[in-house]
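Please keep the sequence and the structure in view while reading.

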Amino acid sequence: MRVLAVCGMGLGSSLVLKMNIEKIMEQEGIPGSVEVKDLSSIMGEQADYIFASEEIGAKIEHPAEVISVKNMTDKNEIKEKVLAAYKKL
Amino acid sequence: MALINFIVYEILNEPAVLVGLMTFLGLALMRKPVSKVISGTLKSILGFVILGAGANVLVGSLNNLGPMIQDAFNIQGVIPTNEAIVALAQQTFGSETAMIMGFGFIANLIIARLTPLKYIFLTGHHIFFMAALLSAVLGTAGITGAPLIIVGAVILGFVMVLFPALAEPFMKKITGGSDVALGHFGTTGYVAAGLVGKVVGDPEDSTEDIEVPQSLSFLKESVLSTTLTMIIIFFVVSLIAGRDIYSEYSGGKSIFMFSLMQGITFAAGVNIILTGVRMIIGEIVPAFQGIGEKLVPDAKPALDCPITFTYAPNAVIIGFLFSFLGGLVSMFLLGPLGLALIIPGMVPHFFTGATAGVFGNATGGKKGAMLGAFVNGVLISFLPALLLPVLGSLGFANTTFGDADFGVVGIIIGYIAKLFA
């Protein structure tokens with residue numbers, strides 16, 4: 001599963017998101033990678049899913065499915081969404 | 001002897017490799033697989049070289065704007081842009097910055113482990129910027145070698161727990177007591193906004209009860225907002241300077257094409273630098289966080305300022321507008337006071353103004369958000385102007401550090417260091 005974690009600068013909240021998603025993928029034995037990107041440079045990127053905050057997520061237009069996260073630091077919410085996404089794949 | 005010479009004169013003098021070494025240590029300590037250690041180390045070295053290339057692009061545009069303002073107004077014009085000043089600082093203080101950052105991480109962990117200030121500062125680019133500021137300020141004061149790195153790292157580790165601790169009472173109010181702290185070096189502005197809010201307003205009269213158009217949220221896309229601001233700044237400065245002055249710099253091009261291309265070149269430089277910073281930070285921070293979780297399991301992660309935005313989206317927009325207003329008002333006050341002209345940039349006012357708005361709203365509702373963010377805007381204009389003298393030759397670069405804490409820390413440390421040096 002190839003995931004992009006996206007925020008305005010590609011440095012702050014997206015990095016937090018990346019670390020949380022990576023940890024969950026490791027725990028659950030999900031193969032794949034998570035990369036950090038900023039909003040301006042995702043268009044040419046290939047991915048299965050894009051994770052972002054709700055406000056950023058609303059602005060993304062991309063062939064991959066965009067998954068919005070309400071609370072960037074809520075590990076349970078992120079875990080649920082990562083597992084659901086992996087099942088759909 | 002040959003080996004020691006190689007280490008001291010070749011490795012320690014090559015900041016890119018030094019950054020790679022720090023990443024290597026972090027990843028190896030976390031016992032990551034060999035492939036991950038190699039790719040992480042190489043990526044952070046690449047990132048550092050990319051950062052330097054971006055600085056060259058950006059300087060091309062900055063070296064037109066600064067002298068043009070000088071010719072037109074007879075005053076030093078400065079656009080605070082963290083990425084720009086840090087990339088420039090790497091040309092002189094690259095090795096020092098890398099070492100201070102590496103040992104600063106360790107200082108943060110030790111302080112969090114031993115004292116009640118249990119925060120682990122995870123906003124990597126701000127750690128990098130603060131390390132660059134400290135090496136420039138201490139270096140300018142005449143401190144060199146091991147003392148520079150030790151003093152710098154201890155101060156860095158200390159401010160990495162101090163500022164999250166200062167923001168904590170307000171963060172509890174904003175988030176309703178969750179387990180995340182704020183790790184951002186604009187905290188002086190946010191605390192000021194929170195205190196102003198307490199005095200002027202009522203938290204019940206919240207910004208979130210009004211309708212605010214969210215159309216300004218495109219500013220969050222920092223590459224775009226930098227481009228737009230810089231085109232406008234070039235255009236306005238050229239217009240005021242007049243044809244005689246701007247044609248000297250435009251090489252005969254019209255004011256429209258000149259402003260457009262210079263603004264875009266500046267933003268392209270910032271974007272290249274950010275790409276480099278992302279490659280460095282994206283490898284170092286996860287390693288640091290992993291070590292932190294093992295050594296200080298009860299510590300709170302201190303995270304970047306946009307984590308506060310979801311708690312009061314209206315205050316974000318109001319905060320940006322009033323902070324920018326504070327920046328504009330200050331711009332007209334700085335000249336008569338004999339200080340450098342600080343041109344308000346969109347990116348610092350958006351991120352720190354928005355956060356100040358959220359803080360002001362938490363203690364003083366609408367009035368708190370407006371006045372608090374305004375005060376933040378004034379602070380991030382006057383602090384950079386007062387910071388310039390302690391930056392030495394970097395103070396003449398036409399750009400400087402943007403966020404409030406860089407100013408506060410730089411000014412305090414700069415003047416103390418001068419007493420000892």
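Residues are numbered from 1 along each chain as its sequence is written, and chains are lettered from A and ligands numbered from 1 in the order in which they are written. Helices (H or I, at least four residues) and strands (E, at least two) are DSSP runs, numbered from the N terminus.

**Confidence**

- The model has an ipTM of 0.82 and a pTM of 0.87.
- The pLDDT is the predictor's confidence in each residue, from 0 to 100. In chain A its mean is 89, and 100% of the residues reach 70 or more.
- Within chain A, the lowest mean pLDDT among the elements belongs to helix α2(A) (residues 54–57), at 84, and the highest to β3(A), at 93.
- Chain B has an average pLDDT of 89, with 98% of the residues scoring at least 70.
- In chain B, helix α1(B) (residues 2–11) has the lowest confidence, with a mean of 78, and helix α7(B) (residues 187–200) has the highest, at 96.
- Where pLDDT is low, the predicted coordinates should not be read in detail.

**The contact between the chains**

- Two residues are in contact if their C-beta atoms, placed from the backbone, lie within 7 Å. The contact takes 18 residues from chain A and 24 residues from chain B.
- On the side of chain A that touches chain B, the elements giving two or more residues are α1(A) (13–28) and β2(A) (33–38). The largest share comes from α1(A), with four residues.
- This side of chain A consists of nine nonpolar, seven polar and two charged residues. Here Ala, Val, Leu, Ile, Met, Phe, Trp, Tyr, Cys and Pro count as nonpolar, Asp, Glu, Lys and Arg as charged, and the others, Gly among them, as polar.

**A loop residue of chain A**

- D48(A) lies in the loop between β2(A) and β3(A) (49–53).
- A residue is buried if 20 or more other C-beta atoms lie within 10 Å of its own, exposed if 12 or fewer, and partly exposed in between, with C-beta atoms placed from the backbone. D48(A) is partly exposed because 15 other C-beta atoms lie within 10 Å.
- Apart from neighbours within four places in sequence, D48(A) is in contact with M1(A), R2(A), V3(A), A64(A) and L89(A).
- D48(A) and K88(A) are 40 residues apart along the chain, and their C-alpha atoms are separated by 10 Å.

**Two sheets of chain B**

- Two strands pair if DSSP finds at least two bridges between them. Strands of a sheet pair through backbone hydrogen bonds, either parallel or antiparallel.
- One open sheet has three strands in the order β5-β1-β6 of chain B, with parallel pairing. Its edge strands are β5(B) and β6(B), each of which pairs on one side only.
- Strand β1(B) (residues 77–80) points G77(B) and I79(B) one way and V78(B) and P80(B) the other way, and all are buried.
- Two parallel bridges link β1(B) to β5(B) (residues 341–342): G77(B) stands opposite L341(B), and V78(B) stands opposite I342(B).
- Two bridges also join β1(B) to β6(B) (residues 399–400), again in parallel. There, P80(B) has T400(B) as its bridge partner.
- Another open sheet has three strands in the order β2-β4-β3 of chain B, and its pairing is parallel. Its edges are β2(B) (119–121) and β3(B) (181–182); each has a single partner strand, so one side of each is left without a neighbour in the sheet.
- Two bridges join β3(B) to β4(B) (residues 300–303), and L182(B) stands opposite L303(B).

**Two helices of chain B**

- The expected span of a helix is 1.5 Å times one less than its number of residues. For the 15 residues of α2(B) (residues 15–29) this is 21 Å, and the end C-alpha atoms are 21 Å apart, which agrees.
- The buried residues of α2(B) include L18(B), F24(B) and L27(B). The buried residues of this helix pack against α1(B), α3(B) (34–73), α4(B) (82–114) and α10(B) (255–295).
- After α2(B) comes R31(B), with a positive phi near 50°.
- The 31 residues of α6(B) (residues 145–175) should span 45 Å, and the end C-alpha atoms are 43 Å apart, which agrees.
- α6(B) bends by about 50° at E168(B), and the proline P169(B) follows within four residues. The bend at a residue is the angle between axes fitted to the seven residues ending there and the seven starting there.
- After α6(B) comes G176(B), with a positive phi near 75°.

Technical notes
This is a predicted model: local features need pLDDT of at least 70, side-chain atom pairs count only at pLDDT 80 or more; totals for chains, interfaces and linings use all residues.
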